[in-house]
There are 2 protein chains.
Amino acid sequence: MGSRRIVVIGGAAAGPKAAARARRLDEFAEVTIIQKEADLSMASCGYPYYVGGVFHDRNQLICSPTGVVRDSNFFKAAKNITALVSTEATAIDREKRQVHCVHLPTGETRTVNYDKLVIATGAQALIPPIAGTELKGVTTLHSLKDADYLRRIRDEGVVKEGVIVGGGLIGMEVCEALQQSGIHMTVVEMMPHTLTFLDWELASMLEKHVQSKAARVITHNGVAAFIGRDGELTAVRLQDGTELPCQLAIIAIGVKPNVTLARQAGLAIGERGGILVDEYMQTSDSNIYAAGDCVEVRNRITGQSVLAPLGDLANLQGRVAGQNVIEGNCARFPGTIQTGICKVFDYTAGATGLSEQAAHRLGYTDIITATTTTLDKPGFMGGKPIITKMVAHRDSRQILGVQCVGIGDVSRRIAAAALAVQGRFTVEDMINADLPYAPPFSQAIDSLITTAHVLENKLAGRMKGISVMDVKNKVDRGDDVFFLDVRGKDEFEVMRLGIGETLIPLGMLRQRLHELPADKDREIIVYCKISLRGYEAACILEANGWRNVNVMEGGVLAWPYAMEKSG
Amino acid sequence: MGSRRIVVIGGAAAGPKAAARARRLDEFAEVTIIQKEADLSMASCGYPYYVGGVFHDRNQLICSPTGVVRDSNFFKAAKNITALVSTEATAIDREKRQVHCVHLPTGETRTVNYDKLVIATGAQALIPPIAGTELKGVTTLHSLKDADYLRRIRDEGVVKEGVIVGGGLIGMEVCEALQQSGIHMTVVEMMPHTLTFLDWELASMLEKHVQSKAARVITHNGVAAFIGRDGELTAVRLQDGTELPCQLAIIAIGVKPNVTLARQAGLAIGERGGILVDEYMQTSDSNIYAAGDCVEVRNRITGQSVLAPLGDLANLQGRVAGQNVIEGNCARFPGTIQTGICKVFDYTAGATGLSEQAAHRLGYTDIITATTTTLDKPGFMGGKPIITKMVAHRDSRQILGVQCVGIGDVSRRIAAAALAVQGRFTVEDMINADLPYAPPFSQAIDSLITTAHVLENKLAGRMKGISVMDVKNKVDRGDDVFFLDVRGKDEFEVMRLGIGETLIPLGMLRQRLHELPADKDREIIVYCKISLRGYEAACILEANGWRNVNVMEGGVLAWPYAMEKSG
C-alpha cells in the first residue's frame, strides 16, 4: 500500500489544523490543502484589532508564533504539506474520490485524488437583500481583503461617519475599532438589543457604555437601503425612514456555512444549513469529514444541532477530523456550549451556556436566575464592577448558563463558568467552589460564587428577586409599588433612580419601620448600590411581617436607564 | 421560646461571615461576636499591598465595599450584631453553654450565654524555636498591627536590607512589597524551592524572576538565629553559617490553628492540629460549630484532612456555619482542592489540585504530566508567556491538578482549572472545552486545552516528554544524549541552552536526517522555543526509525537555568 492521500479543502482555521494533525500522526501521508484565497491560516478574529490599529504589521495575522509567514513554502518545509493556494475546489467526485479544482489566476484545472477528504470551506458573510449593497463604501469584515480595505480607510482618515449593520460580536468589535480611529460610528440592530447572546439588561449596560464613547446604538430598527451617488455610499436608510449620512457601512449580520460543494456532492446538509457531521466530524460519506464554520454541531446542553462559527471551535474540530482521517474514528468532538466573549471599548461581555432569553425560547419553563453586581477584586486593589447573571434549572438546580458584563475581569469568570456549565455543575457545586483568591485577582468570594449564593437564596425562598427590567416596567406602568433605597444619604445624593423611591439607610431601617406601608401586602421593591444591603433590608422587612418584598437584583449599578434619562 | 442566642468567637473573616449569615436567616436571633483584637473584618490578605504602598488608606482594610468602617457601631446599626471587641474568650463552658471572656483594656470579665456557638479563632504565625526572635526588627505579617509596623518601616525609608524567612505565598508577596519600596530583600527558604504548592521547575521560573528584580532567593537553607545589638536586629544567620546583614526580618513560615480554647473545652482536635469538624462545620459538640483557619477540612481529591488557612475558604465555611446554627444542618462545606494564587512582581503563580510532587508524596504511582509554554493571547495582541503544567491520573485520565506560572493571565487559567479539578474532568473533557475566545483574552486554543492536548498525546504514546529538570540532570550527569534544537537560526543566535545541542531547523530536518545519530536507539532530546515544533520533529524522527526520542516539555522558554549560568 502506498502512502495515504489526505486532502483538505479550506486553508483558514479548521483546514490547516486538520492537515497538520494528520501530518503529525502519519509522517508519510500525502497531505494537500486546497485553498481558494491567496493566504493561509489567517487569524481572522484578529481583523478588528488590525483595522483598529492595535497592531500594524499585517503579517502578524498570517504568521506562526515565531513570526514566520505561513505560506505554501512554510507548509512545505515545516510540515511537508502541499498547499495549493488561490485554488478553488469546484467539485467532489465521491465515486472516484477526486476533487476537481481550478487555479484561479491561470484558470488551469487539476484533479486531486484522496483517500480521505476534509471539507473546511468555512462560511460567508450574509448580505441583506436590499438595494445598494454594491455601492463603494459598503463592505463586510470577513476576509483579509476586507480587513485591508478597512485598515486603509482608517489610515487615510477621510471617512467621517460609518454605520455598522448588525450589533453582534463582530459588529461591536468593529464599532470600537473605527470609533477609536476617529470615525463617528453608529450600530444599527434590528432586534430589541445588540449582542443577542446576552439577555436584555446586560446588553443594555454595554450599549450604554458604547454610547458613552460617543458611538451610537440604534436598536429595533433594520436597514432598508444603502443610498449612494455616483456609485459611492452617502447614507443608510433605516426601516423607520431615518437616513444616516455615512461614507462607510459594514454589514455584520452574521454568516452562513459554505456548503455548495458539499451539497453538490450529495452530502447530507442539516436543518440549519451546515454540513451534517457526527461526533467524529464524519459526514454522510465515510471517506469525507468536515470541520469549522461549514458544519453544524451539537449544543451540549440542549442536544440540538446549531451553527457555531467560532475560531476556537474550528480549531478543535479540525484537530478531531485530522486525527480521525489517519487513525479511524477515535477522536470525538462533543459539541459546544456556545461560549463567547468580546471586548467593546472598556467593557468586556461574555456568556456561556443558555441565556434566560434562550432558555425561554427553547421552551424551558422552570428557569431561575440571579444577577449580581460585584467588584472583580477588592476596592483597595482598584477592583472594577462586573455584572454577573446565572441561569439555572429550578428542579435539577443545574447551572445552564452564565453571562458577565463590565469593565472588570470578565474573561476569568466566563472561562470558569464555561467549565461549570460543561461539567453540569449544580448551584450547590458552585457555592463552595475553591477558586484562586488573592487580592490582585479576585475578592475573597468570587463573583461567580456570590451569584450562586444569591441563586441558592432564591431557590430556598429566602430572597425574592426582581430584575431591573421588571422594575422599570412597573415604573412605566405606574404600578403601586413602594420603592425603598437603603443606601447611605451620601450615596443617594450622588446618584439616584428617581422613581419615587424612599430613602432609609439600612442602618436606620429597624428604627424606621413605621415609615413603611401600613398595608403589609403592598409590594415593596428594595435595593442598594449592588443589592447586598438590599437583601439584608428585605430580610428585616419580611421578619417584620411584610409579605411582598422584592430585591432589585444587581442594585443601582445594574440599572441601565440613566443614559435614557439624561439623553 | 425566647430568641436564639448565637455567639461567635473571632471577628476576622469566618466569624463575621457566620454572624451576618445567621442574622439574615433570623432577624430576631441575638447575635454576638467576641473579638480579641480591636478591629473587625480585616482584609488580611490585603496587608502586603498596604505595606507595599499599592494603596494608602488603612481604613480600606477594614471597611465595607461602600467605604464604611466595619466597627462595632457598623455591626450594630447595619446588622444588629453585638460585637465585643478587644475582648478575649477565655473559656467555653459547654455544660452551661457559656463563653467566659475578658475585656482586655479594662480586665473586666463577663459571661455570654449561647444556644449555638461558632468558633472562628483563626491561626497564629509560626515562630521558629531559634535565638533572637524577640529582637526589634523581627516580625511577622499576620495582624493589622504587623501591617502597620511594616508600612511605617516602608514610609520611613531607613531600613536598607530585609530578610524574609520562608518562601511561601505570603513571604513572596511581602518580598515584592518591600523590594518595590526600596529595601533590598532576601528570601530564605529551607526547602529545595520556594512556593511549594508548585513543582520545582515552575517555582524555579518564579525564583529566577524574583532575582531579576534584584531581590535574592536562597533555598535549601534555613535560618539558624537572629543576631542583634542593643536589642535590635543586625543580621540573620543561616544554617550554613552565612550571615545576612539586615535591619528587618519577616517570619513567614506558615501558621498554626488557634485551638487552645477548643481543646480546653474538650472539643476533638485533628491530627493536623486543627479543630475537627464535619461537612456541616459542626464540632464534636453539636451546639458548637467552627470555621476558618482554626479548623481542618477535607481535601476533596485525596479525602484527607488538611489545614487550608485561606481567606476565601474561611468566608465560605463561615457562611455554612452561620446557616447551620439557624437552620440545622442543611448547608455543607465539601472541602478544598487547595487552590492558590499569588502575584510576585510581574509574575503570577497559581495552582489547583495536586502538584506532581504532592501526588508522589501521597503515594500516587500512576501519574502523568504535561508542561507547555504558550502565550496567554495572540502575539499581535501583546500576548505574554505562561507555563502550564497539568497532572493527571494515567488510568482514570482524571485531571488531578494544574499549575500555571508566568507574566500572562494565570488567574483565568487557574480559575477554570479549579472547576475542572473539582468537577473531576478527565483529560478528554478538557480537550474540547468550549472556553471564551477572542484575541484580547486568549489564543484560539487556550493554554489549558493545549496542555490537555499534549497530555493526551503522551497518554496515547504519540509523544514522549521529558521535563526540563530531567534534561538538566542528564546534562549534569553527562549522559550520552543527542540534543536537538529545531528552532530557526536567528532564534538560536539570540538564546541557546549551550548543552552541546545540534541545531537543525524544523524546516530542514527531513533533508538532514543523516546528521542524526546512526544508532537508532540512542536517546534524542528535541525541543524548540515552546516545543510544538519539537513535537513535530519527534514525529518525523520516530517515523524514520529513531526509537528513543523525547520532547523537552515547555521548550527553551521553560528552561530555568539561564540565570544560574549567567550568575
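Biologist: Which residue of β15(A) stands opposite Val236(A)?

Modeller: Val236(A) faces Leu244(A) in that strand. The model is predicted, so to speak of local features requires pLDDT of at least 70, side-chain atom pairs count only at pLDDT 80 or more, and totals for chains, interfaces and linings use all residues, while side-chain values rest on heavy atoms, with hydrogens and water left out. Residues are numbered from 1 along each chain as its sequence is written, and chains are lettered from A and ligands numbered from 1 in the order in which they are written.

Biologist: How are strands and their pairing to be read?

Modeller: Strands (E, at least two residues) and helices (H or I, at least four) are DSSP runs, numbered from the N terminus. Two strands pair if DSSP finds at least two bridges between them. Here β14 (residues 232-238) of chain A pairs with β15(A) in the antiparallel sense over 3 bridges. Both belong to an open antiparallel sheet of 3 strands in the order β13-β14-β15 (chain A). Its edge strands, β13 (223-229) and β15 (243-245) of chain A, each pair on one side only. On average, neighbouring strands of this sheet are turned by 30° against each other, direction ignored.

Biologist: What is the order of the open sheet of 5 strands in chain A?

Modeller: The order is β26-β30-β29-β27-β28 (chain A), with parallel pairing. Because β26 (465-466) and β28 (502-503) of chain A stand at the edges with a single partner strand each, one side of each has no neighbour in the sheet. Strand β27 (residues 481-485) of chain A pairs with β28(A) in the parallel sense over 2 bridges, and Leu484(A) has Thr502(A) in β28(A) as its bridge partner.

Biologist: Which helix packs on this sheet?

Modeller: Helix α16 (residues 532-543) of chain A does, touching β27, β29 (523-527) and β30 (549-552) of chain A; contact means heavy atoms within 4.5 Å. The direction of α16 makes about 175° with that of β30(A). Axes are lines fitted to C-alpha atoms, for helices over the stretch in contact, and angles run from 0 to 180 degrees between N-to-C directions.

Biologist: How is chain B related to chain A?

Modeller: A rotation of 180° with 0.0 Å of shift along its axis superposes chain B on chain A, at an RMSD of 0.0 Å (least squares on the C-alpha atoms of residues with pLDDT of at least 70 in both). The two copies are therefore related as by a two-fold rotation axis. Both use the same surface, since 100% of the contact residues of chain B recur in chain A.

Biologist: How is the size of an interface given?

Modeller: It is often given as the accessible area lost when the parts come together. The buried area (accessible area, 1.4 Å probe, lost on being put together and summed over both parts) is about 7,400 Å² for chain B and chain A, 60% of it on carbon and sulfur atoms. The contact takes 89 residues from chain B and 89 residues from chain A. Phe380(B), Asn432(B) and Asp434(B) supply 11% of the area that chain B buries against chain A, more than any other three residues.

Biologist: How many salt bridges are there between chain B and chain A?

Modeller: Side chains of opposite charge can pair when their charged atoms come close. The criterion is a side-chain nitrogen of Lys or Arg within 4 Å of a carboxyl oxygen of Asp or Glu. Between chain B and chain A the count is 12, and Arg462(B) with Glu327(A) forms a salt bridge at 3.3 Å, N to O.

How values were computed:
Buried area = accessible area lost by both parts, 1.4 Å probe.
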